[in-house]
Structure formats: C-alpha cells, structure tokens
Amino acid sequence: MEAIRWKDSALYLLDQTRLPAEERWLRYTDHQEVANAIKTMVVRGAPAIGIAAAYATVLAAQENACKANFPAAMSRAKETLAASRPTAVNLFWALDRMEKLWLAVGPDLPRLETEARAIHREDVQMNETMGKAGAELVPQGARILAHCNAGALATGGYGTALGVIRAAHALGKVSMVYADETRPLLQGARLTAYELVKDQIPVTLICDDMAGCLMAQGKIDMVVVGCDRMAANGDFANKIGTYSLAVLAKHHGIPFYTALPSSTIDLSIPDGSHIPVEQRGGEEVTGFAGVPTGPAGVQTWNPAFDVTPHELLTAVITERGVLRPPFDRELAGRKAD
Ligand code: MRU
C-alpha cells in the first residue's frame with residue numbers, strides 16, 4: 001500500500017481525508033497546493049509529510065527554474081512548506097536536505113527529483129529494517145495496541161509502528177491488533193483498521209476510552225506507537241492520546257514502544273518541553289464529516305499531539321536497532337544525515 005507517487009513531473013497523493021469511503025488520488029504541480037494538502041491532512045504522518053515536502057520542493061524548482069532570483073524564490077517556497085504543520089520534524093529535515101542540494105546545484109531538476117526519490121525510497125527501507133528489529137520484541141501470540149496511524153499511509157510505505165506489526169505478523173506472532181479509533185480525526189479507525197483489514201492482519205477496532213479496560217482485563221501484551229519528533233532525552237510527541245496510553249501501560253506493567261526512523265530524531269532540543277505542539281481548529285472536536293457532535297458555540301481544546309516523557313518508554317525501535325534507557329546516551333549521534 002502507498003499514499004505518495006511521483007510521475008511525469010507531478011506529485012500524486014492518496015486523499016487520506018476521504019478514506020476509507022473513497023480511494024481518490026489527487027495530482028499536484030504547485031508547491032503551495034502541496035503545503036495546503038499537508039495542512040488539511042490529505043497527506044499526514046511524520047515521514048509522509050517529509051516526503052511530500054521533498055517532492056513539493058521539486059515542484060517549486062520547476063515553477064522557478066527560469067527566474068533570475070531562483071534562490072530567493074526557493075527560500076520562499078521552503079517557508080511556505082515549513083509553515084504547513086509544526087510538530088513532525090521530518091518536514092523540516094526533508095526541507096533542509098533538499099535546500100542543501102538546490103543551493104549547491106540550482107535548478108537542476110533531474111538531480112532534485114533524484115534526491116526526493118531517494119528520501120522516499122530510504123524511508124521505506126528504514127521502515128522495513130525497523131520492522132524486523134521491532135518484530136523481535138513481539139511475543140508469540142501477541143495482542144498489540146496501536147494508536148493513530150503509523151502505517152504505510154503515514155510513511156513512504158510499510159509503516160513504522162505498523163511496520164513492526166507487519167513484520168511480526170509475517171513471523172506468525174500476532175494474535176490481535178487493537179486499533180484505537182483516535183478522535184478527533186479517526187486515523188485509527190479510518191486508516192489503521194483499513195490498512196490491517198486490507199492486509200488480512202487480525203484487527204479489532206475500539207473507541208479511545210476502551211484501552212484501559214482492555215489492559216485491566218489482561219488483553220494487551222504490548223503497545224507500539226509512531227512518533228512525530230523525539231527530543232535528545234527520548235521524550236517524544238505523537239498523536240494526542242499517546243501519553244494517556246503510556247501512563248496506562250506503566251500502571252498495568254505492559255511494555256510501551258515507539259518506532260521511528262532517524263529522520264524523526266531532533267537532537268537540537270534537550271527534552272519534550274521544546275516540541276512545538278500543533279493546535280487545530282475546534283470544528284474537529286465539535287463535529288465529524290460535517291455532522292455536529294457537540295453544541296454550537298461550545299469552547300474547545302484541540303492539540304493534535306501530546307508529549308510522552310521518556311520514563312514511560314520501554315524501548316525505542318529505529319532502523320539502527322532497538323534503543324534502551326538511558327535514551328540520551330543511546331540517541332546521541334543517531335540523527336539522520
Ligand atoms: O496528525 P497526524 O495524522 O499526522 O498524526 C500522525 C501521528 O501521530 C503518527 O503516529 C506519527 O506521525 C508517526 S507516522 C509513522
């Protein structure tokens with residue numbers, strides 16, 4: 001399964017706002033429209049956002065190739081893309097990597113396209129490698145809790161947390177995946193359950209408020225989630241609700257893992273208090289798909305992510321292996337180039 005394609009100088013995105021009802025691909029030739037697609041979550045998930053931004057940089061180069069002030073136009077395009085969503089560091093990592101190249105080679109479109117394709121391909125490779133490493137942590141007959149969507153749709157392909165689940169399933173280790181629905185935008189219900197059903201991996205969809213009850217009944221053996229940004233000490237941002245699950249897992253003595261590529265590590269910040277957490281519109285809380293679920297005029301609070309302190313993490317699964325505490329020492333030097 002894939003959600004991002006590059007073909008004939010255009011970017012194609014599987015519209016994730018429509019899933020699972022409709023599989024609709026949208027075509028992009030303008031970087032500003034890609035910035036908007038990231039903002040409105042046509043494409044979402046930390047690595048996928050980075051990949052989309054890399055291809056959008058190629059689009060910006062196509063748009064500005066003939067301009068005398070190419071670097072200035074590209075800087076503006078970078079700013080537009082960087083302003084789309086603040087939390088996932090992969091976006092900034094990919095934009096910086098592309099910037100290094102366009103500063104060096106100018107509007108060399110084939111070279112820029114090759115670099116964006118490399119970012120895309122490397123992400124899939126990292127996911128497959130971390131999937132294998134993470135699968136070793138999965139006990140036989142595991143019942144695994146998943147939150148949000150950290151699958152093929154959220155990445156270049158295969159997935160981070162769902163990559164671990166896919167690899168463990170291939171080894172015959174997974175008895176059930178419990179997918180949190182993940183309000184307000186239902187990435188767990190609409191995307192994770194959709195991916196797992198398609199791949200014929202056993203999945204049970206639950207409402208967010210059911211996870212604690214499942215754990216208390218001894219029905220969860222491990223939790224594995226994705227990550228949008230990990231600070232130097234191992235604190236990490238992921239979809240809102242992740243922190244609550246980590247606290248619940250600690251209380252019930254259940255191993256709690258996050259899976260991430262090196263492009264999600266931000267060694268420039270010492271801890272999670274420095275992670276910018278995106279606040280989204282109240283309409284996501286007061287309704288879904290245009291149907292009101294709360295009274296008109298009610299106040300809302302809608303942070304898209306929360307920060308889980310590293311003390312609640314059992315281990316971090318990366319393409320460079322499984323990291324155990326102390327995370328600050330283990331993470332040092334692990335940032336992607
Ligand atoms: O708001 P979203 O849907 O972009 O949030 C996605 C998540 O929180 C994922 O868990 C994270 O990006 C990791 S994706 C491999």
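Hi everyone, thanks for coming. Please keep in mind that what we are looking at is a predicted model.

Let's start with the ligand. How many residues surround the ligand? There are 19 of them, and the closest are Arg44, Ala46, Arg85, Asn238 and Lys239. Two elements, α2 (46-64) and β9 (236-239), each give at least two residues to that shell.

Now for the polar side chains. In Arg44, a side-chain N or O atom is 2.9 Å from an oxygen atom of the ligand. Gln187 has a polar side-chain atom 2.9 Å from a ligand oxygen, and for Asp228 the distance from a side-chain N or O atom to an oxygen of the ligand is 2.9 Å. Taken alone, the ligand would expose 410 Å², and the protein buries 100% of that. And where does the ligand sit? In the largest cavity.

A word on Lys239, one of the closest residues to the ligand. Lys239 belongs to strand β9, and its relative accessibility is 7%, so it counts as buried. If you compare Lys239 with Leu95, the two are 144 residues apart in sequence, and their C-alpha atoms are 22 Å apart in space.

Last, some backbone details to look at on the screen. The peptide bond from Arg183 to Pro184 is cis, with omega near 10 degrees, and Pro184 lies in the loop between β5 (174-180) and α7 (187-198). Another cis peptide bond runs from Pro325 to Pro326, with omega near 0 degrees. You'll find Pro326 in the loop between β16 (321-323) and α11 (327-331).

Then there are two non-glycine residues with positive phi. Asp8 has a phi of about 45 degrees and is in the loop between β1 (4-7) and β2 (10-14). Met41 has phi near 70 degrees and is in the loop between α1 (31-39) and α2. Are these residues buried or exposed? Asp8 is exposed, at 62% relative accessible area, whereas Met41 counts as buried, at 6%.

That's it from me, thank you!

Technical notes: Residues numbered from 1 in each chain as written. Predicted model: local features only at pLDDT ≥ 70, side-chain atom pairs only at ≥ 80, totals over all residues. Heavy atoms only, no water. Near = heavy atom within 4 Å. Polar contact = N/O pair within 3.5 Å; in protein donor to acceptor, adjacent residues only side chain to side chain. Areas by Shrake-Rupley, 256 points an atom, 1.4 Å probe, with all protein chains shown as cover. 1 Å grid on protein atoms, 1.4 Å probe; cavity = no way out; pocket = protein on both sides within 12 Å on 5 of 7 lines; lining within 4 Å. Sits in = over half its atoms within 2 Å of the grid points. Helix = DSSP H or I, 4+ residues; strand = E, 2+ residues; numbered from the N terminus. Buried < 20%, exposed > 50% of the residue type's maximum accessible area, 1.4 Å probe, protein only.
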